[in-house]
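Please load the model in your viewer and keep the selection panel at hand.

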Amino acid sequence: MKLNRKDILEALEKISVSGDSKNMVESGAVQNIMTFGDEVVVDLLLTTPALHIKKRAEVDVMKTIHEHVHQKAKVKVNIKVQAPEKTEIKGKSIPGIKNIIAVASGKGGVGKSTVTANLAVTLAKMGFKVGLLDSDIYGPSMPIMFDVQTERPLSVNVDGKSKMKPVENHGVKLLSIGFFTQPNQAVIWRGPMAAKALNQMIFDAAWGELDFLLVDLPPGTGDIHLSIMQSLPLTGAVVVSTPQNVALADARKGVAMFQQESINVPVLGIIENMAYFTPEELPDNKYYIFGREGAKLLAEDLQVPFLGEIPLVQSIREAGDIGHPAALQENTPLSDALELLTQNVVQETVKRNKSLPPTEAIKITTMAGCSAVNK
């Protein structure tokens, strides 16, 4: 079998890059086509760096050639992104912070804050300089998880300006609205007031030099999320879900939020929490209480990385309640799972930084400006 370059070109005229009204050939996305018997190599040049658009273009090319040229053709797609060497960040950057990663979930109760706390501690154990911003204004839990409920950020002078010094424990610098409210005090704020408080914790803080700033987002896809993405040029986002269908449906929406064209924050991957239950007295037994590999299958469906799974064990809850995150344990199945998960997050962050330009802080002045609202 010998493939014909002309047939391949005609087939690629049937598809377009996501968001482009012209087909791949007409728009100039197809740079070159090489054939070697039953093998074909297609070189694409894209102007959009979004990971999901790159993956979709690759899948579309392979599918189209198999359907319209030859179903057994061996197809390889090379994708290059034409982006400015230096991208202007439309928003305030924070000097000294290399990577800002948002940890999100579509719904509450999936253990997002527990995952964030243990991710931060594991990064610190690996030698990284880590900060954690608890942006869950209405349900801050990080002061409890880090055993610093009674602590208060101090005021320090930085270049003639008064700044908040984050509270530090377990090698992680931490700021949370929980430091400024009483334990029995409900935070009853409208969106603008919550956004203002967040901006103060972000920009009026003396974070210093950080390799990672993790932002623990509240559940859902609401006002706080937009405020964070308008304020910060996020490196990427991580979505946490349980394997349960109800949680997966909302996790899908969480991924879709970051992939909106008006937001366009790279999704580094999905984490499956409470993947299975293992009782302490039966360490080799696994009980799939909430379903099996649901988040892994969702990641495959959405074509985003699967970062790993965390079992449901009693010690992770107990460790969080006493302010001594489970990641501080040594040589346990749980600490090993958290270490592997964290390694994957670091790997995806490095990969993202090599292949994409810096993310810009989004410009949305009203909810009407967000395409998610119009769908």
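The stops below each name a selection and then say what is found there.

This is a predicted model, in which local features need pLDDT of at least 70 and side-chain atom pairs count only at pLDDT 80 or more, while totals for chains, interfaces and linings use all residues. Residues are numbered from 1 along each chain as its sequence is written, and side-chain values use heavy atoms, with hydrogens and water left out.

**The whole chain**

Of the 375 residues in the chain, 48% are buried, where buried means under 20% relative accessible area, exposed means over 50%, and partly exposed lies in between (1.4 Å probe, protein chains only). Contact means heavy atoms within 4.5 Å, and among contacts in the chain with a separation of 6 or more, 75% are between residues 24 or more positions apart.

Select residues 30-36, 39-46 and 74-81, which are strand 1, strand 2 and strand 3. These three strands form an open sheet in the order 1-2-3 with mixed pairing, two strands being counted as paired if DSSP finds at least two bridges between them. Strand 1 and strand 3 stand at the edges with a single partner strand each, so one side of each is left without a neighbour in the sheet. Neighbouring strands of this sheet are turned by 15° against each other on average, direction ignored; axes are lines fitted to C-alpha atoms, for helices over the stretch in contact, and angles run from 0 to 180 degrees between N-to-C directions.

Strand 1 and strand 2 run antiparallel and are joined by six bridges, and Thr35 stands opposite Val40 in strand 2. Residues 51-68 are helix 3, which lies across strand 2 and strand 3 at about 150° to strand 3.

**The annotated loop and helix 4**

Which residues does the UniProt annotation "binding site" cover? In the unreviewed entry it covers Gly106, Lys107, Gly108, Gly109, Val110, Gly111, Lys112 and Ser113. Gly108 is found in the loop between strand 4 and helix 4 and counts as partly exposed at 39% relative accessibility. Gly109 is found in the loop between strand 4 and helix 4 as well, and is exposed, with a relative accessible area of 70%.

Continue into helix 4, where 12 of the 14 residues are buried, including Lys112 and Ser113. Helix 4 is followed by Gly127, whose phi is positive, near 105°.

**A hairpin**

Select residues 154-158 and 161-165, strand 6 and strand 7, which run antiparallel and are joined by five bridges. Val156 stands opposite Lys163 in strand 7, and in this hairpin, which has two residues between the strands, Asp159 takes a positive phi near 55°.

**Helix 11**

Finish at residues 333-355, helix 11, with 23 residues. Its buried residues include Leu334, Leu341, Glu348 and Arg352, and the buried residues of helix 11 pack against strand 4, helix 4, strand 10, strand 12, strand 13 and helix 10.

Definitions and conventions: Helices (H or I, at least four residues) and strands (E, at least two) are DSSP runs, numbered from the N terminus. The expected span of a helix is 1.5 Å times one less than its number of residues. UniProt positions are given in the numbering used here, feature names are shortened, and annotations may be inferred rather than shown by experiment.
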